[in-house]
Structure formats: C-alpha cells, structure tokens
Amino acid sequence: MDYVSALVPPFVMAAFFIALVVTIVKSQGGANKAKEDSAVDAALARAEATQQQK
C-alpha cells in the first residue's frame, strides 16, 4: 500500500496541471480574443499618439 500513497500526489498534481493547461487553451480565442485585441490596439494607439506629440 505504500506505493499507492507514493504515487497519488504526482497523479493529482498532473491532473491539476492538465486542467490548468486546458483552461488556458480554451480561454484563448472567441469573444475574449476580440476584447483583448481591442484593449491592446487601444493601448498601442495611446502610446503612438504620445510619441507623436513629442
């Protein structure tokens, strides 16, 4: 039974890591992607406008 208690923590951590990766991959795209892209575009436009004023 010692081998079971030795193997459980790595398997649990691996399962959580896989779930984390799947969540990150699923959140890349869709409605969130358009929102993130527009936020980045707005920030770049502000930075560009600031540079042109100097």
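Modeller: Happy to! Let's start with a nonpolar surface patch of about 890 Å², made by Met 1, Tyr 3, Val 4, Leu 7, Val 8, Phe 11, Val 12 and Phe 16. Please keep in mind that this is a predicted model.

Take Phe 11 from that patch. Is Phe 11 exposed or buried? Its relative accessibility is 60%, so Phe 11 counts as exposed, the cut-off for that class being over 50%. Phe 11 is found in helix α1, which covers residues 2-26.

Now for the helix itself. With 25 residues, α1 reaches 37 Å from its first C-alpha to its last, and that is close to the 36 Å expected at 1.5 Å a residue. Still, α1 has a kink of about 25° at Val 8, shortly before the proline Pro 9. Val 8 is also one of the residues that make the patch.

Stepping back to the chain, you will find 2 helices and 0 strands. The other helix to visit is α2, residues 31-53, where Leu 44 lies. Leu 44 has a relative accessible area of 52%, so this leucine is exposed as well. From Leu 44 to Gly 30, 14 residues apart along the chain, the C-alpha atoms are separated by 22 Å.

How does the whole chain look? Its C-alpha trace spans about 70 × 25 × 5 Å along the principal axes. The radius of gyration is 22 Å, whereas a compact globule of 54 residues would have one near 10 Å. Buried residues make up 2% of the 54 in the chain. In total the chain exposes about 5000 Å², and carbon and sulfur atoms supply 69% of that area.

Conventions. Residues are numbered from 1 along each chain as its sequence is written. This is a predicted model: local features need pLDDT of at least 70, side-chain atom pairs count only at pLDDT 80 or more; totals for chains, interfaces and linings use all residues. Side-chain values use heavy atoms; hydrogens and water are left out. Patches are made of residues with over 30% relative accessible area and no salt bridge: like charges are joined within 9 Å, nonpolar side chains (Val, Leu, Ile, Met, Phe, Trp, Tyr) within 5 Å. Accessible areas come from the Shrake-Rupley method with a 1.4 Å probe; for residues, only the protein chains shown count as cover. A salt bridge is a side-chain nitrogen of Lys or Arg within 4 Å of a carboxyl oxygen of Asp or Glu. Helices (H or I, at least four residues) and strands (E, at least two) are DSSP runs, numbered from the N terminus. Buried means under 20% relative accessible area, exposed over 50%, partly exposed in between (1.4 Å probe, protein chains only). The expected span of a helix is 1.5 Å times one less than its number of residues. The bend at a residue is the angle between axes fitted to the seven residues ending there and the seven starting there. The radius of gyration is taken over C-alpha atoms; the globule rule is 2.2 Å times the number of residues to the power 0.38.
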